[in-house]
Amino acid sequence: MALRLYMHPLSSYCWKTLIALYETGIPFEQEIVDLSDPDARERFVRMTPLGKFPVLVDEDTGKAFPESSIIIEYLAAKYPEAAKLIPADKDLALRVRLSDRFYDLYVHDKMQRIVADRIRPADQKDPAGVARNRAELEIALALVDRDMSSGGWATGLTFTMADCAAAPALYYANQVAPFTEDHPGAARYLDRLRSRPAFARVLEEAQPYMAMFPRD
Ligand SMILES: N[C@@H](CCC(=O)N[C@@H](CS)C(=O)NCC(=O)O)C(=O)O
């Protein structure tokens, strides 16, 4: 098996790459990393010093890639069946990359910071930071609502890397800041994403782990 994905089934950035892999049907092996196990963490950090997953290892070439967007770029460049995730047209490709950045930086990152505060010890909470992240997330969700209310995928009629980024970001954002009532266009986009077989499969595989997600 040429590709091995170091991941955890609850990790939102791993979902992004899993969606790309399931969407394209590229064969790969899952290597679940339990970061709460000190030995597993040490082995993982030896491979990738920042200790963040996903990491994709191409065992044929010995190359290892961290960063979900770079992993998808690698798949799109190397496998013809993944080329559709990043359009050949340069302008369209820029739109996809811009949308991917938007979902990672202004939806996903804000959501992650809100979740991170939930697992901090009581004396290390950062309510001002959480309020700021909630406000910034709300601005981003209003933009999603505006842009996605008429249907389609993140950058048009085809499903791309931007939708791989949007799916976990919006799914978990809706857990920490439910938006379906105030942003029906964004809610319908999330519904479309959930109906996509690749994302439906990721969600199904994550079910046994969902109880580990920190609630308020
Ligand atoms: N920019 C990175 C973000 C990766 C990331 O934040 N991964 C999280 C899981 S969703 C992680 O590894 N967290 C473990 C930790 O920080 O200890 C990407 O796109 O892959």
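Predicted model: local features only at pLDDT ≥ 70, side-chain atom pairs only at ≥ 80, totals over all residues.
Me: Which residues of helix H8 are called buried, and why?

Reply: Helix H8 spans residues 197-206, and its buried residues are Ala198, Phe199, Val202 and Ala206. They are called buried because each has 20 or more other C-beta atoms within 10 Å of its own.

Me: How do you know which side of H8 they are on?

Reply: These four buried residues cover an arc of only 95° around the axis, so they sit on the same side of H8. In general, an α-helix has 3.6 residues a turn, so residues three or four places apart point the same way.

Me: What is on the other side of H8?

Reply: There you find Pro197 and Glu204, which are exposed.

Me: How is the chain divided into domains?

Reply: The domain assignment gives domain 1 (3-84) and domain 2 (90-196), with C-alpha centres 21 Å apart.

Me: What makes you say that domain 1 touches domain 2?

Reply: Nine residues of domain 1 are in contact with ten residues of domain 2, so the C-beta atoms of such contacting pairs lie within 7 Å. On the domain 1 side, H1 and helix H3 (68-78) each give two or more residues, and H1 provides the largest share, six residues. By class, this side has four nonpolar, two polar and three charged residues.

Note on methods: Residues numbered from 1 in each chain as written. Buried ≥ 20, exposed ≤ 12 C-beta atoms within 10 Å, placed from the backbone. Arc of directions from axis to C-beta. Domains from an automatic or database assignment. Contact = placed C-beta atoms within 7 Å. Nonpolar A, V, L, I, M, F, W, Y, C, P; charged D, E, K, R; others polar.
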